[in-house]
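This report describes selected features of one protein model.

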Amino acid sequence: IRKYGFHGTSHRYVSRKAIEMLDKPAEQAKIITCHLGNGCSITAVKGGKSVDTSMGLTPLEGLMMGTRSGDMDPAIPLFLIKELGMSADEVEKTLNKQSGFRGICGKADVRDIERLAREGDENCTLALNMFSYRVARYIGSYAMVMNGVDAIVFTGGIGEHGAAMRARILQNANYLGLDIDPNKNERSEADITTDASKVRVFVIPTDEEWVIASDTGRLVEEARGLDSKRAALVK
């Protein structure tokens, strides 16, 4: 059983863009990329290479998401089977389709959840607090893993457009020397930190299609090169 991780093309794209925006050699850069949408994952990128990512064998590990539970006690599925009489298929469906935001407050779209939270819905407020706490926990642990962080990147639907959620996630990040500019954050600018901030926070729209096309082009060229070498050897 292997840890695969997911959203790799997204993390690779935005981490490379972040390196370009930092005034630091790529091999020295320490970046935490947060792909936050209906599916969510976080990756620690050190020297241009992923050193850890929140998803595992399946996308179920890691952050709570629109309908996925995220990290939990591994005995919970056994409890559901033994104590509640659920089948393995029912447990799988529950954890992947009926948990996360939907399981906590009945909604999966963060825009709806934030609106209802403003109107006083306690379950929606709870869901937002749970999500922001878990994202912050991963950011903190990855900063420790890399012995520091130069930039935190937000991408995906929530990451790119959720100014309130970004503020929630980073509200306790002062210890990192991170200082958010509220006006820049509201406008979702490329860099939402103040000039004095020691850690940059970037909002970068992802482009997974570009990564796929670029990799495909590279592999085709490599294959053509190998074919040319084989033809030369045959001659």
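Are tyrosine 138 and tyrosine 142 buried or exposed? In this predicted model, both tyrosine 138 and tyrosine 142 are buried.

## An aromatic pair

The structure holds three aromatic pairs. In one of them, the ring centres of tyrosine 138 and tyrosine 142 are 5.7 Å apart and the ring planes stand at 70°, so the pair is edge-to-face. The cut-off for this class is an angle over 60 degrees.

Both tyrosine 138 and tyrosine 142 belong to helix H6, which covers residues 122-145. They are four residues apart, about one turn of the helix. An α-helix has 3.6 residues a turn, so residues three or four places apart point the same way.

## Helix H6

Helix H6 consists of 24 residues. From its first C-alpha to its last it reaches 35 Å, close to the 34 Å expected at 1.5 Å a residue.

At the start of H6, aspartate 121 places a side-chain oxygen within 3.0 Å of the backbone nitrogen of asparagine 123. After the helix comes asparagine 147, which has a positive phi, near 60°.

In soluble globular proteins, nonpolar side chains tend to be buried together. The largest nonpolar core of this model has 40 residues, of which Ile32, Leu36, Phe131, Ile152 and Leu170 touch the most other members. Several elements each supply at least two residues of this core, among them strand E1 (30-36), strand E2 (40-46), helix H5 (110-118) and H6. H6 gives the most, with nine residues. Apart from this core lies another, of 13 residues, including Val14, Ala18, Val153 and Phe202.

## Glycine 62

Where does glycine 62 lie? Glycine 62 is found in the loop between strand E3 (49-53) and helix H2 (76-82). Glycine 62 has a relative accessible area of 2% and is therefore buried, the cut-off being under 20%.

Leaving aside neighbours within four places in sequence, glycine 62 is in contact with Ser54, Gly70, Asp71 and Tyr138. Glycine 62 and glycine 103 are 41 residues apart in sequence, and their C-alpha atoms are 16 Å apart in space.

Conventions
Residues numbered from 1 in each chain as written. Predicted model: local features only at pLDDT ≥ 70, side-chain atom pairs only at ≥ 80, totals over all residues. Heavy atoms only, no water. Phe/Tyr/Trp six-rings, centres within 6.5 Å; stacked < 30°, edge-to-face > 60°. Buried < 20%, exposed > 50% of the residue type's maximum accessible area, 1.4 Å probe, protein only. Contact = heavy atoms within 4.5 Å. Expected span 1.5 Å × (residues − 1). Polar contact = N/O pair within 3.5 Å; in protein donor to acceptor, adjacent residues only side chain to side chain. Core = buried A, V, L, I, M, F, W, Y, C linked by side-chain atoms within 4.5 Å.
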